[in-house]
Structure formats: structure tokens, C-alpha cells
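Please work through the exercises below with the sequence and the structure at hand. Each task is followed by a worked solution.

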Amino acid sequence: MDNTNLFLIVEDDRQIRSFISFSLKTQEYRSIEVANGKDAMRAIITQKPDVIILDLGLPDMDGLDVIRQVRTFSDMPIVVVSARDQDKEKIEALDAGADDYLTKPFSINELLARLRVVLRHTVKSADVIQESYEVGDLEINLEKHLVLLHDNEVHLTPMEFKILALLVKNSGKVLTHSYILKEVWGDYLETDAQSLRVFMANIRRKLEKDPTNPRYIITEVGIGYRFVDE
Amino acid sequence: MSIPTVTKYKNKIWFQALITVVILCGATILSILIQKIGFSETNIVVIYILSVLIVSRYTKGYAYGIIASVIDMFAFNFFFTEPLHTFNVYNKSYMITFAVMLAASILTSMQTSKIIHTSAIARQRDKQSQILYQVTSSLAKATSVSDVATVSAQCLSNLLDCGVSCITTDEEEHQNKKYSIKSGDRGVTVEILSDEQLQSAVKDKFIFPIADQRFQYGLICVPKNSIPEESGERKLLSSISTQIFIAMERERLADEKELAKNEAEREKFKSNLLRAISHDLRTPLSGITGAAEVLLYSLKDEESHKLVQGIYEDSNWLTQMVENILSLTKIQESTLALNKQIEAVEEIVGAAVKHISKYANNHQITVIMPDQLILIPMNGKLIVQVLINLMDNAIKHTKESDEIKVEVSTSRDNVWFNVTDRGTGIKAADLTKIFDLLFVSEGTRADSKRGNGLGLAICKAIVNAHGGRIFAENNIDGGATIRFCLPLEGKKTIG
């Protein structure tokens with residue numbers, strides 16, 4: 001992994017900003033710190049960071065607007081940081097194109113783990129689109145529509161496979177309920193959220209040893225699902 | 001005879017009898033004159049019937065009219081039929097005349113009496129409704145209980161033309177107040193009565209309670225001699241006291257509403273303040289926790305490491321408390337806007353267990369779930385928090401390596417969640433109290449583990465907001481179970 005990656009920390013609280021940058025330094029990453037949205041936009045354009053760590057509550061502009069503006073010209077990974085009671089904002093941020101989110105207060109280990117996943121993805125997406133994924137005892141071949149668990153084939157309905165494929169292609173990333181519904185169903189109604197839960201339960205029963213302690217598909221309550229990365 | 005004198009004697013029996021006799025004599029004299037002039041007997045019969053009518057008009061009741069009819073018949077017989085001045089009759093056809101005359105007189109007198117009676121009632125009713133109207137409209141203008149009492153004393157004093165007192169009782173302040181007005185006076189005097197004074201104030205008075213089946217606000221005291229025994233005035237007075245009751249009730253409810261409003265505003269202010277403070281604490285706490293964590297990984301010196309460990313743990317604890325306060329104020333404020341969604345129970349339990357496993361170093365958490373998928377409407381994040389709080393509680397009260405069991409089951413209307421530990425259990429006296437806000441058990445280990453009495457209170461608030469219930473119980477084989485249920489299909493249950 002390239003440890004000279006440049007991180008942009010956008011956070012108005014000095015204390016939080018400094019310990020994030022300190023912990024990035026311990027991993028020998030480089031970082032730039034800014035305290036507001038305007039400075040963030042300037043830094044994004046002039047310094048071209050590899051990853052943005054973005055607090056949603058900025059003094060001068062909405063963090064969401066930063067994401068939307070960045071997404072007009074770049075795919076650079078954005079990890080959103082927000083307070084616990086800002087679920088709506090989190091979902092909007094993810095739907096606007098953020099790659100992951102963290103809830104304050106977060107542990108440094110968690111932040112670093114998320115950043116590693118995001119970085120790995122930027123490396124991957126540079127490659128050709130992957131055909132097969134291997135996680136733990138699970139092997140998924142998107143082209144052959146094949147799912148193997150412990151080398152035994154698992155039979156999924158077309159819809160189940162479609163959902164699984166979407167999650168796997170975005171492994172490590174949180175997909176919101178509405179994003180999955182839009183991608184798989186196309187048009188959707190609010191009531192389809194229930195069918196999504198049912199499909200997910202069926203997939204888990206086929207893949208997971210213990211559906212309440214999932215190994216592969218993690219529930220992000222109130223937000224969506226995440227396929228594990230490793 | 002002047003009119004007041006007539007009114008004064010009007011109801012006396014001898015006076016009415018006198019009227020009857022005078023009229024009958026008059027009729028007889030008139031008839032004799034007519035006979036002398038030489039008009040036919042038919043006119044005499046008509047005059048007698050007219051006399052009965054007049055008697056009925058000016059006397060009370062049926063009796064005088066009927067007696068007059070009979071006397072008339074005999075007078076006609078005595079003075080005008082052959083043989084004169086006897087009660088014998090030669091011409092038997094007079095018998096028919098007598099019978100018809102008697103019947104006509106009696107009927108006339110009865111009708112007249114009835115009409116007079118009815119119109120008297122109507123007049124009385126009219127007067128009563130006038131009075132009631134006056135009382136009601138003055139009561140409507142009153143703006144407090146004491147105002148109502150003053151107005152009612154004035155109205156009743158006007159109406160009855162005597163001294164009246166209205167005594168109000170205040171249950172809360174345990175105080176009796178007397179609003180009295182003397183006959184012919186306009187001013188109302190107010191005095192506070194002790195219980196003994198109250199006893200003497202109601203002595204020898206007519207008492208009209210201002211009350212319904214549940215509440216009593218006071219009494220109306222009227223001198224005994226001011227209300228005639230049988231009259232409708234008592235009825236009127238009791239309906240006036242009902243009006244007074246309604247007015248007082250209205251004032252009481254208005255006061256209560258005002259009080260509740262103030263209370264709610266104070267509550268709101270308090271929770272806003274609490275929330276503002278908690279909110280402002282959150283960011284610096286994140287900073288402290290994060291910085292301490294970074295230091296934890298970088299400090300090698302054991303002394304310092306220990307100190308930083310302390311900072312880290314305490315700031316974590318504070319953070320948790322602040323988050324708890326924020327959730328609690330939020331739930332208390334927006335019970336109706338829970339933002340429920342259909343969630344799969346297994347996902348919720350899974351998320352809670354995954355979160356708690358980070359902190360449950362050596363505790364073993366077992367999950368028992370029915371195989372079938374359970375979907376119920378809930379706010380997923382809040383229920384996850386309930387489960388986390390319950391498991392966290394279980395971890396705090398058990399030894400390391402103890403098992404904590406989370407069990408989900410369904411009944412006909414509910415989904416049940418049980419969190420069981422093998423710890424020391426809950427003192428029987430505390431079983432119902434542990435969900436109270438800020439309750440901390442006074443047990444032996446009170447100082448060993450920090451609790452702030454918020455965790456379980458939040459659980460209860462969240463579960464109740466979902467229309468569910470939460471209980472604590474001790475297991476037969478040791479340890480405690482906290483169980484809560486959520487309604488299936490989002491059916492609202494009350495309580």
C-alpha cells in the first residue's frame with residue numbers, strides 16, 4: 001500500500017482535527033487540515049488529496065454541498081464524520097456519493113480501518129472490473145452467476161443474486177436502502193424496503209452460519225448494508 | 001281595599017269563602033231583580049253559571065267552584081221554582097234544568113281553575129327562567145372562583161331579598177372562604193372561616209351544595225325563613241347552584257390548564273437546556289476521547305499509560321452519558337414522530353450484539369432466535385440502543401466469562417426480547433424501580449460500578465414510545481432477566 005497518500009481533514013473542531021492528523025501521522029500518512037468548507041474546496045482543487053475526511057457540520061457550508069461539488073469532477077473517496085443523531089444527513093451524504101461514514105465519537109482504530117478499506121478500493125477500481133471475489137469461505141463469480149460456500153454451490157434466486165452482486169461489487173462500502181432499491185428494482189416504493197429486508201434475510205440464511213452474527217453482510221441499522229471487505 | 005292588602009289575604013281560606021258568598025249573594029239578588037222585571041228563568045240559570053265562573057276565577061282550587069255550583073242549584077230551587085222558598089219541586093222537568101245547570105257549573109269551574117292554575121305555572125316558569133338567565137349571564141362574566149362566589153351571593157340576595165352567603169372550600173389550601181351579603185346591601189364581605197366557624201355559619205340555614213357526584217366547591221347558605229316551604233323556589237335555587245357549580249368548574253379547569261401549560265413550558269425549557277448543554281459537551285468529549293486513544297497507542301511509559309487509560313475510560317463514560325441524555329430528551333419530545341420502519345428483528349439484534357461485543361471482553365453473548373423472519377415496525381436505531389443498554393447493564397453486573405443470553409420469541413400480539421444474565425440479580429424492592437429516571441440501587445456495590453440511572457430509563461421510554469412494555473425479574477436459578485415486548489404489526493397497545 002502506498003503510504004504517501006494525502007488525506008484532507010475537514011473538521012471545524014481543532015481538537016478532533018489534530019488527533020485525526022496525529023493518528024494518520026503514526027501510520028505515516030500525510031494530511032492537510034482545514035476548518036471550513038471554502039478552504040476545503042480550495043485544498044481539494046489545488047492539492048488533489050487522495051481521501052477526504054469530511055465533518056458534515058461545517059461552519060460555513062453544508063458538508064453535503066462539498067460532496068456534491070466534488071462529485072461533479074472527481075471520484076476521490078470521501079469518508080463522512082457526523083454525530084449520532086444525524087441519520088438523515090448520513091443517508092443523504094452516502095446517496096450524494098460519500099464512500100463511508102463514521103459516527104462521533106469514533107475510535108481511531110475504526111477510522112484507520114475504514115480508511116484502509118477506502119484506499120484499497122481506489123487501488124482496485126483502477127484495475128479492470130473484477131469478475132470474482134473471494135471473502136472467507138465465500139466465493140462469488142459475477143460473470144458465471146456462481147456462488148460457492150465451502151466450495152459447495154449456493155442456489156440464489158435471480159433477484160437474490162442481483163442484490164448480492166451489487167453488495168459484492170461495492171464491498172467494504174455502505175449501500176443505503178434506497179440505493180440498493182434503486183439499483184435492483186429500478187423504480188421503487190417506500191414499501192419495497194420491507195421486501196428488501198426479506199430478500200436479505202433469505203440471502204443470509206443461505207450464506208451465513210448465524211444470521212444474527214453475520215460474517216459477510218453487515219447491517220448498518222437505519223442506513224443500509226455493507227458487504228465485508230476481508 | 002288596597003291592592004297590597006288583597007295580595008296579603010289572597011290565600012287565606014276565610015277570604016276566599018267570603019268572595020264566594022259575596023258573589024253568590026250578588027248573583028241571587030241580580031236574579032231576583034230580573035224576575036221582578038219579568039224576564040224569563042233562562043236568564044237566571046245563565047247568571048248563576050256566570051257566577052260560578054267568576055268564583056272560580058277569583059278563588060284558588062276546584063273546591064270553591066264546585067261548592068258554588070251546588071249552592072247555586074239549591075238557591076235556584078229555593079228562590080225561583082214552585083213552590084217558592086222550599087226545596088221541593090212540582091214540575092219534574094226542573095230536575096233536568098238542575099242537573100244540566102249543576103253539570104255546566106261544575107265543568108266551567110273546573111276548566112277555569114285549570115286555566116288559572118296553568119297560567120300561574122307558566123308565569124312562574126317564565127320568572128324562573130328570567131332569573132336563571134340573569135344568574136347565568138352574570139356568572140359567565142366572572143373570571144375566577146372568588147368572582148363566581150361574589151356574583152352568586154349578589155344574585156341570590158337580589159332574588160330572595162335577604163342575606164345570603166356563599167362558602168367556598170379550597171381542597172388544596174384547606175381553606176374555607178365565606179362571601180356574605182346582608183339584606184338590602186350591595187357590598188360583599190369576604191372572610192376566611194375556620195372549621196368551627198363553618199359549622200356555626202351553616203347552622204339553621206338552608207344549604208345548597210355547589211357540587212356534582214365527584215367534586216364539591218362550596219355551599220350556598222340561605223336563611224330558613226326566606227324560602228316558602230312548598231314553592232318552586234327551592235328547585236330554582238338548586239338549579240342556580242348547579243349553574244354556580246358549572247361556573248366554578250369552568251374556572252377550576254381554566255386554572256388547571258394554565259398550570260399545566262406553565263408546567264409544560266418549564267419542562268420544555270429544562271429539557272432544552274439539558275439538550276443544549278449535552279450537545280455542546282459532545283464535541284469536546286469526542287476530542288478528549290480521541291486524543292486519549294491516540295496517546296494510549298503511542299505512550300510506552302507504564303505510569304502515563306495508566307493515567308491516559310483513566311482519561312480514556314472516563315471520557316468514554318461521559319460520552320455515553322451525554323448521548324443517553326440526548327436520546328432521552330429526544331424521545332420525550334417526539335414520541336409521536338418515532339420514524340418507524342419495518343425492520344427485521346434478527347438484523348437489529350445482530351447489530352446490537354456486534355456493537356456490544358467490542359466492549360464485552362470476556363463475556364460470552366448467546367443469541368437465541370426463532371428461525372422464521374420477524375418483521376415489525378420500529379425505529380431500528382432506538383431498539384438497538386435498548387438492547388445495547390440492557391446487555392451493557394448485564395455486563396456491568398456479572399463476572400467476566402459469564403454468559404449473557406439474548407432470546408427472542410413471539411407471542412400472538414408481541415415480539416419478546418429477553419436479556420438474561422447470571423449475576424447477582426436485582427433486589428426485590430428494586431424490581432419495579434430500576435426503570436425510574438436517575439434510580440441507582442443502594443446495593444453494596446453502589447460504588448464499585450458507576451451507573452447514572454439513565455440507561456434503563458431510556459429503555460423504558462423507547463419501549464413505551466413503541467407501544468411495548470418492559471419488565472425486570474429475577475431468575476429462579478440466579479441472575480436477572482429484563483424482558484421487553486414490541487407489538488407485532490404495529491398494533492398500538494395502550495399502557
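The exercises treat the two chains in turn and then the contact between them.

This is a predicted model, in which local features need pLDDT of at least 70 and side-chain atom pairs count only at pLDDT 80 or more, while totals for chains, interfaces and linings use all residues. Residues are numbered from 1 along each chain as its sequence is written, and chains are lettered from A and ligands numbered from 1 in the order in which they are written.

**Exercise 1.** Describe chain A.

Solution. Begin with secondary structure, taken as DSSP runs numbered from the N terminus (helices: H or I, at least four residues; strands: E, at least two). Chain A contains eight helices and twelve strands. Next, consider burial (20 or more other C-beta atoms within 10 Å of the residue's own, with C-beta atoms placed from the backbone). Of the 230 residues in chain A, 37% are buried.

**Exercise 2.** Describe chain B in the same terms.

Solution. Twelve helices and twelve strands form the secondary structure of chain B. Buried residues are 29% of its 495 residues.

**Exercise 3.** How many residues of each chain are in contact across the A–B interface, and which helices of chain A take part?

Solution. Contact requires C-beta atoms, placed from the backbone, within 7 Å. By this criterion, 27 residues of chain A meet 34 residues of chain B. On the chain A side, α1 (14-26) and α8 (192-207) each supply at least two residues. The most comes from α1(A), with six residues.

Notes: Two residues are in contact if their C-beta atoms, placed from the backbone, lie within 7 Å. A residue is buried if 20 or more other C-beta atoms lie within 10 Å of its own, exposed if 12 or fewer, and partly exposed in between; C-beta atoms are placed from the backbone.
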